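Biologist: I would like a close look at one part of this model. Please keep it brisk.

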Amino acid sequence: MFGTESSLSMFLNTLTPKFYVALTGTSSLISGLILIFEWWYFRKYGTSFIEQVSVSHLRPLLGGVDSSSPTNPNTSNGEADSNRQSVSECKVWRNPLNLFRGAEYNRYTWVTGREPLTYYDMNLSAQDHQTFFTCDSDHLRPADAIMQKAWRERNPQARISAAHEALELEDCATAYILLAEEEATTIMEAERLFKQALKAGEGCYRRSQQLQHHGTQYEAQHRRDTNVLVYIKRRLAMCSRKLGRTREAVKMMRDLMKEFPLLSMFNIHENLLESLLELQNYADVQAVLAKYDDISLPKSATICYTAALLKARAVSDKFSPEAASRRGLSTAEMNAVEAIHRAVEFNPHVPKYLLEMKSLILPPEHILKRGDSEAIAYAFFHLQHWKRVEGALNLLHCTWEGTFRMIPYPLEKGHLFYPYPICTETADRELLPMFHEVSVYPKKELPFFILFTAGLCSFTAMLALLTHQFPELMGVFAKAFLSTLFAPLNFIMEKVESILPSSLWHQLTRI
């Protein structure tokens, strides 16, 4: 210990004033560079680079909030609310525009040899079917008892065989639904089966409607029959939409929403929005948005991006980024840009699919709101509507990345919505097939100037320290470096001297 202190004291006594001058100059240079860089970074991104690095990278390494600090009950309540919101944000939802397994998903498998649906996704669908299409009193009707077992089957052929067995006993609406979804190989065939299911389902619905007040058992039957009827009518409307009868599909969806206004779990309004966009009936689209784009209702990519599309439609045909940079944005353009920023904040994965920077796949049967699965489901059906509006994709291309400058810490603090949930990547990997590269929240890449400044500061400080510690050795290195640097120039000068006459060279040097 004494030897270490004596050597340290000897080292400090040998330091000359030149070292302190060099150290001060180097520190001033580095401080100036950091000051300039921080000013530039704040002007460009609206936040401090050092603060951002501290919050995003150093705080997790240090374990987050200091555990020794006194806990505030209000803070803990806020964190609990935030955690509950994060859990609700990561809830998996039924895709309102999900495709038909037999007529669409299976056809993709036949052509490509790939499975578009994951086991997790199909298992969630099986749970949905058991929730919507079964009840405790199914054992009283033989066909319903068979279908109750069929919905639990994992083997598709076993489910289809059970549905045929149920139909041999009586006209069973849920058996027709299963055959339309999984056995039908075309949309027309699926529509035919759904029409048969509608006939059987309406009869069951009328009978259970009359008996629903006779006890809890009859009430459960009526609830099940209502779910079956709504599902059949919605799928029939989707068949009409896929077969080109869009106006008929719109009428069926409107009638369904009027008849069963409380069944919002099916999100039929999203089917209606897509059909109205296909008809280019933008006034009705705006009316639907005014009803469902409410602060008290859960948002979706369809709601947010359709609202942005309508705002963009008003200005996109004449929008030019060069003209906007010269004169500034008009009020209508500002509203369109704000709507795009709102949509991108809700789901940042959608623009890459709309701009065709990322390849699309078939959408899953379930989606995670604000996740990659929802982005795929939205872009799969709505890309054509964005292409139809002249200049809309160009406006999106020019403005969507500006959203991330408005939200410096998207995982800690949101702007118009709650912070982006960190659980989306894990859930999307279970919902989407293995051959698809799951999109994650876009991370800001450090600009080249940041890396250059950091390297320059480090290199300058290292040179100053080495020059003081090993002056002779550094002098040798400096001479060797300069001689190597000027070697090509000396070689060229020697060649020029050998070629030009000495008298001419003498006159040139005098000049």
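Which residues in α17 meet which residues in α20?

Modeller: A word on the basis comes before the contact. This is a predicted model, in which local features need pLDDT of at least 70, side-chain atom pairs count only at pLDDT 80 or more, and totals for chains, interfaces and linings use all residues. Residues are numbered from 1 along each chain as its sequence is written, and side-chain values use heavy atoms, with hydrogens and water left out.

Now the contact. From α17, Ala336, Val337, Ile340 and His341 meet Leu395, Leu396 and Thr399 of α20. Contact means heavy atoms within 4.5 Å. Five of these residues are nonpolar, two are polar and none is charged. Here Ala, Val, Leu, Ile, Met, Phe, Trp, Tyr, Cys and Pro count as nonpolar, Asp, Glu, Lys and Arg as charged, and the others, Gly among them, as polar.

Next, the geometry. Helix α17 spans residues 331-346. Its axis comes within 10 Å of the α20 axis, and the two cross at roughly 70 degrees. Axes are lines fitted to C-alpha atoms, for helices over the stretch in contact, and angles run from 0 to 180 degrees between N-to-C directions. So α17 is roughly perpendicular to α20; that label covers 65 to 115 degrees.

Finally, α20 itself, residues 392-399. Ala392, Leu393, Leu395, Leu396 and Thr399 are buried there, meaning under 20% relative accessible area with a 1.4 Å probe, protein chains only. They lie on the same side of α20, because they cover an arc of only 160 degrees around the axis. That arc is taken from the directions from the helix axis to the C-beta atoms.

Methods: Buried < 20%, exposed > 50% of the residue type's maximum accessible area, 1.4 Å probe, protein only. Helix = DSSP H or I, 4+ residues; strand = E, 2+ residues; numbered from the N terminus. Parallel < 35°, antiparallel > 145°, perpendicular 65-115°, else oblique.
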